[in-house]
Amino acid sequence: MPPTSQRSASPSQPSGKGEVSDLKAQLRQLAGSRAPGTDDSKRDLFKKVISYMTVGIDVSSVFSEMVMCSATSDIVLKKMCYLYVGNYAKYNPDLALLTINFLQRDCKDEDPMIRGLALRSLCTLRVPNLVEYLVGPLGSGLKDGSSYVRMVASTGVLKLYHISASTCVDADFPALLKHLMLNDPDAQVVANCLSSLQEIWSLEANTSEEASREREALLSKPIIYYLLNKIKEFSEWSQCIVLELVSKYVPPDSSEIFDIMNLLEDRLQHANGAVVLATIKLFLQLTLSMTDVHQQVYERIKAPLLTQVSSGSPEQSFAVLSHLHLLVMRAPMLFSTDYKHFYCQYNEPFYVKKLKLEMLTAVANESNTYEIVTELCEYAANVDIPMARESIRAVGKIALQQYDVNAIVDRLLQFLEMEKDHVTAETLVLVKDLLRKYPQWSHDCIAVVGNISSKNIQEPKAKAALIWMLGEYAQDMQDAPYVLESLIENWEDEYSAEVRLHLLTSVMKCFFRRPPETQQALGAALAAGIADFHQDVHDRALFYYRLLQYNVSVAEGVVNPQKQAVSVFADIHSSEIKDRIFDEFNSLSVVYQKPSYMFTDKEYRGPFAFSEELGNLSIGVEAPETIVSSQIVEANDKDLLLSTSEKEDNKGLSNNGSAYSAPAYDGSLSLAAPQVQSDLLSLDAPLPSHTPQTSLAIDDLLGLGMSVASTPQPPPPPPTLKLNAKAVLDPNTFQQKWRQLPVSVSQDASISQQGVAALTNPQSLLHHMQGQLIQCIASGGQSPNFKFFFFAQKSEELSIFLVECIINSSTCKAHLKIKADDEGSSQAFSTLFQSALSSYGMH
């Protein structure tokens, strides 16, 4: 018989089933003992209980024994007991009742540390049935002589509010917190009171006008200055809370703005990055309406931000760098001389390097482009492939900004000679974009691109770019038809639908430029495309086929028209999203580079969420469950290829009620291909006339599925929005709301020629909008640019709409930016506002 292995007992795992029972018995023995060394024994047992609890072992059976053993003056034992009680009380409310007596007793202990710990544990129980036991200790704690106890009590009031809001308000705790905030000598107590009051009054403001007034009172000048004068006494976290509050304050004049900024000037040199960023946010918010001073703020905050980037951990550097990135994107010229600070260090993580590359791209101008591109070219040879890719993209973005294009194009073409797959792939994509913007460089680029073998390009985007150039510049690339033909021969091996789509279009372009050499390749491409299972690919192939069948000249005009150079490429983020991110400065929105609702509100279904979903779509291989049955696809394709008269002749009843039984492509496709090609490309054959039957066939081709007789029902009219005819709003409230509310709608509207003519007297627009129950609170500007601020109020509601309207009389356009208390009705108000604006000058 093998010897029994001896396993040593582990403090984190019971060695047997009776371990917890043994602990319970030992604790019971020590509960009433006052012998020397008892506290040490209790400590050992408490440690075992806590360790078991930490690894998920149920030790709730020793609850009463733990409570009995807590009758001691040993603060370490108290802490472990409170930790145990807090963990099990919220899951076992009945057990929590056993703790009330000893916690209330400890709240009256002589030691302020024990009083504070007991009060914190009492508030942490979060059991609704025990709220009446919290009121007394919290009231005593707010008046305690120890600052530690008052600090715990001021936070405990907020916990009580979340358990039972009515109990908290009825006990008049918010008023006690306000008194404590304005009179307590301890800065941490003041900060905790402020934090609790902000949350309580923000939640209460929805139902109580008094709470709403109290919340507004926090932004009064006496309280703001009181907190600012104590700013140096607060901890870093408390300073951030105070600075966030001050950023919502609207000073009445510029002198007060300068006073606040001078008072907080030294906070920019603080060692804590959060304090520096909170101060910067405050400075930027205060000077938004002062253009010159706002620019000076940018100059002033550069040095503190760059210092924070170079110090601390990579994660901290990334957070600060994200905010610097936002500022650089808003004012790149102010940072153009500091571009060397954005050079990448060898030991930085990739996420920091990528952000720096974006900033180098943004600050590039005529004076520094050569140095920046030279640095980026060094990164392109990096062994880190993602870094090399991002560097090449950065070089291309700078080229698209029209800075020193000649030298940059030469650098990009040199990348193609490096014979590195990832470098070649990224460069091909950029060369395609450059040729779209600078067609004059086609000769130099095509000369180099023509030497690249398509067999060496594996990445879909790069292969698609090469195919695009083969079709777009087929007349300049001698081997273009034959390269395309070899790619079509390997159609079945090409897994990327994006490449197959480009291949169809390029072979059509090549056919119109060099018909004899491309005729056979085009027929094979269309036949393969029609048989393709990807919806977009076979739809495009069918479209090209019917287009050629209808009229070759029209097909050439559709597929290969005269093109204009692209002037500006679309930005990933709209200006509205960038403005919202800036409004949420010093938050995760800046790090994620998206407004908070995009990553917090899963139920949001607005335009931004929709565009984000579209951005995630890509053309690729379908999942098995999304592949359509081949018989269905073949039947649909055959149906599309039949003319209307053929359909009438083939109509007949079958078991399933369909008009006909479609033949399969599988066996006959390869044999019929030459015939299909000759049918498709017999250009000398008479073309069918444009008849109503052809129109129906095109409708069928595009999948419209509508009969001529049927007309769609108009959508129901949107619910009308009624406005308050007696809406009133003072300028200070308008400014405060404008600063606090996010942008709900940002769009352009048109103004009639009569309206532009009437703008010679801007007051006429104010009277016109007043007739539509929309009031003007401020206006300014001169021809051709006028700026107006309007507001309106919902009828029978307190919801306010704020509008910034910038009118350009030379273009007859107005840019609207709307903010609202009720974002759900913003679009309806936008429609009403645009209707009122379009009728201006018509009477």
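## Briefing: a predicted, mostly helical-by-count chain

In helix α15 (residues 254–263), the buried residues are E256, I257, I260 and M261. Here buried means under 20% relative accessible area, exposed means over 50%, and partly exposed is in between (1.4 Å probe, protein chains only). Seen down the axis of α15, these buried residues fall within an arc of 135°, so they line one face of the helix. The arc is taken from the directions from the helix axis to the C-beta atoms.

This is a predicted model, so bear in mind that local features need pLDDT of at least 70 and side-chain atom pairs count only at pLDDT 80 or more, while totals for chains, interfaces and linings use all residues. Residues are numbered from 1 along each chain as its sequence is written, and side-chain values use heavy atoms, with hydrogens and water left out.

**Confidence and overall make-up**

- The mean pLDDT (the predictor's confidence in each residue, from 0 to 100) of the protein chain is 79, and 83% of its residues reach 70 or more.
- Over residues 1–17 pLDDT stays under 50, and the model has 14 contacts for them beyond four places in sequence; a contact means heavy atoms within 4.5 Å.
- Residues 605–716 also stay under 50 in pLDDT, with 93 contacts beyond four places in sequence.
- The protein chain has 42 helices and five strands; these are DSSP runs numbered from the N terminus, helices being H or I with at least four residues and strands E with at least two.
- Of the 843 residues in the protein chain, 46% are buried.
- Take the contacts between residues at least 6 apart in sequence: 66% of them join residues at least 24 apart.

- As background, an α-helix has 3.6 residues a turn, so residues three or four places apart point the same way.
- H323 sits in helix α18 (residues 314–330), and at 3% relative accessibility H323 counts as buried.
- Leaving out residues up to four places away in sequence, H323 touches L277, F585, N586, S587 and V590.

**Nonpolar cores**

- A nonpolar core is a set of buried Ala, Val, Leu, Ile, Met, Phe, Trp, Tyr and Cys residues joined through side-chain atoms within 4.5 Å.
- The largest one has 206 residues, and Y84 and L324 have the most contacts inside it.
- Helix α27 (residues 497–513) gives the largest share of this core, ten residues.
- L324 touches L305, L306, V309, F335, F342 and M359, not counting residues up to four places away in sequence.

**Aromatic rings**

- Searching the whole structure turns up 16 aromatic pairs. Rings of Phe, Tyr and Trp (its six-membered ring) pair if their centres lie within 6.5 Å; planes under 30 degrees apart count as stacked, over 60 as edge-to-face and the rest as tilted.
- F63 and Y84 make a tilted pair, 5.7 Å centre to centre with 45° between the planes.
- F63 lies in helix α3 (residues 63–69) and Y84 in helix α4 (residues 75–89), so the pair ties together parts that are 21 residues apart in sequence.
- F63 counts as buried at 1% relative accessibility, and Y84 counts as buried at 0%.
- F790 and F833 have ring centres 5.5 Å apart and planes at 65°, so this pair is edge-to-face.
- F790 is in strand β3 (residues 785–793) and F833 in helix α42 (residues 826–838), so the pair ties together parts that are 43 residues apart in sequence.

**Charges over rings**

- The charged end of K221 sits over the ring of Y225, 5.6 Å from its centre. To qualify, NZ of Lys or CZ of Arg must be within 6 Å of the ring centre and within 35 degrees of the ring normal.
- K819 has its charged end over the ring of W738, 4.4 Å from the ring centre.

**Positive phi**

- Most residues other than glycine have a negative phi.
- Q593 has a positive phi, near 60°, and lies in the loop between α32 (588–592) and α33 (597–600). At 23% relative accessibility, Q593 counts as partly exposed.
- C812 also has a positive phi near 60°, in the loop between β4 (800–808) and β5 (813–820). At 14% relative accessibility, C812 counts as buried.
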